[in-house]
Amino acid sequence: MEDSSSGGRQRAGGETSRPSGVGFQRSVAAVSSPALSVARLTLPGVMDAEGRVDESRLRMHIFKNGGVCPSERGLVWSFLFGMYPCSSTALERCLLQEQMTERYRVMKRKWQQFLPLAVRMHLNGTDAELVAAVRYFDQREALAQQQTHHQSEEVRDRLAFLELQAQILFERVPFDQEELREATRIIDKDVARTNRDLSYYQGEGSANLLVLRDILITYAAFHPEVSYAQGMNDLCSRFLEVLNSEVDAYWSFCCYMEKFSKDFRADGLHRKIELEAALLKELDPHLYTHLVTNSMESFTFCHRWLLLGFQREFEHSDALRLFEILSCDHLELISQQVDQARYKERLAQKCTTEDNSESQLQAINTDFTFELFICAAILLENREFLLRCRDEVQLIQFTSSLQGTLELNSTLKKAEHHLYNYCKSCAWDYMNGCCKTDKSQEEDFLYQLRSLFVLR
């Protein structure tokens, strides 16, 4: 897997783009980013002349290149997480951007009218950075208001129509006052704890904390079945930093949460922990037995890793790369392809479900996502220390000491190697059965399996 994180790309006019959140201060995020809708990806073979994106090639590029260049990350994420349909043209995205902007404005205004005392974050005056953030945020709001006065009559009419549509769409959405007030209280606490050491939240960028707050409250108001849970601020912060737009960050975060909101429920995260334990049992039965024997099988030390996508275990720019690599789902598709290949080979060899050997075949568990292999790679890399641990307190102390110390590229290689070996072992029934009499066929099967990976 190549590393695409080094350096910035040279833009027209000699300006060098820099990785987001590193080495320089940011101004306040825009309300929306209409220029993003017409921007073009430079990734080879990914975008056609009208702006449509080949989704499989995009995901393959992300995985095989170890992420994308920071200067293209915002545009890539708008497709990767589903804010823009990959099948949309640049022209269609312009109209979609206007619609998303007006819908977000209406949604935000609705909860602000419902809870007027929550419009402004309550400060005790002791946090000078947040006091300054309010001032910068107010300036940004005033500037956004001024910009609307310079729109042409045609644009104002079109936006007024989209606003009316949004009002009709959301007018009957009910709010639970107590639940929303409680969610806002927790959001105010967590936003203040968001990683303020990032340059994105320095100087005028401190107002981005208040932008983040509005996004989270809007999400909680219109997704009461999920509302807000601790940790969402860190996840949403990634989208805001990369997209640098309130509207784009909100809709991208919504798309992400459609798939992963269950992780913020106790049963959802418990399921992930169970899968991690099952995977470790497959990869290293001895280490798994040690943890179980010493009452460390709850794997609570993995909770934060899996919930936040290893956000604190790697250096910040690497954590962003890992987040997009995990989100491209490339290796999850590979495990499905391997399972399909096994099935097709058995059909070709006229294997039937009545065959007694069928019941002994080991199936690939497609619930073993790549993030679980990342987690396993970290555990196996520190195997000797883990075998010396005798209780969960020692485990938690050790895993806490890993924050910001892990090296991404080596971890990715090890995780992919573990996944490759797992897929190979699950395919061994075919090779030991159908390939016994034909060694070249076994080698061809392994070659095809390896070609799906970056491993060479």
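The model is predicted, so local features need pLDDT of at least 70 and side-chain atom pairs count only at pLDDT 80 or more, whereas totals for chains, interfaces and linings use all residues. Residues are numbered from 1 along each chain as its sequence is written, and side-chain values use heavy atoms, with hydrogens and water left out.

Me: What is the mean pLDDT of the protein, and where does pLDDT stay under 50?
Reply: The mean pLDDT (the predictor's confidence in each residue, from 0 to 100) is 84, and 80% of the residues reach 70 or more. pLDDT stays under 50 over residues 6-25, which have 38 contacts beyond four places in sequence (contact: heavy atoms within 4.5 Å). It also stays under 50 over residues 352-361, for which there are six such contacts.

Me: Which secondary structure elements does the protein have?
Reply: The protein has 21 helices and zero strands.

Me: Why is Ser245 called buried?
Reply: Ser245 has a relative accessible area of 0%. Buried means under 20%, exposed over 50% and partly exposed in between, with a 1.4 Å probe and protein chains only; Ser245 is therefore buried. This serine lies in the loop between α9 (232-243) and α10 (246-260). Leaving aside neighbours within four places in sequence, Ser245 is in contact with Ala29, Ala30, Val31, Ser32, Ser33 and Leu240.

Me: Why is Asn244 called partly exposed?
Reply: Its relative accessible area is 25%, so Asn244 counts as partly exposed. Asn244 also lies in the loop between α9 and α10, and its phi is near 55°, a positive value in a residue other than glycine.

Me: What makes Ser227 buried?
Reply: Ser227 has 17% relative accessibility and therefore counts as buried. Ser227 is found in the loop between α8 (208-222) and α9, and has a positive phi of about 60° although it is not a glycine.

Me: How do you know how many disulfides there are?
Reply: A search of the whole structure finds zero disulfides, the criterion being a pair of cysteine sulfur atoms within 2.5 Å. As for individual cysteines, Cys69 counts as buried because its relative accessibility is 8%, and Cys328 counts as buried because its value is 0%.

Me: What makes a space a pocket, and how much space lies in the largest pocket?
Reply: On a 1 Å grid over the protein atoms alone, a cavity is a set of points where a 1.4 Å probe fits but cannot get out, while a pocket is an open set with protein on both sides within 12 Å along at least five of seven lines. About 1,200 Å³ of space lies in the largest pocket, where volume is the space filled by probe spheres set on the points, joined across faces, edges and corners. Of its 37 lining residues (those with an atom within 4 Å of a point), the closest to the centre are Val31, Thr101, Arg105, Ala144 and Thr148.

Me: Which helix supplies the largest share of the lining of the largest pocket?
Reply: The largest share, twelve residues, comes from α4. Helices α1 (34-38), α4 (90-114), α5 (128-148) and α6 (153-170) each supply at least two lining residues.

Methods: Helices (H or I, at least four residues) and strands (E, at least two) are DSSP runs, numbered from the N terminus.
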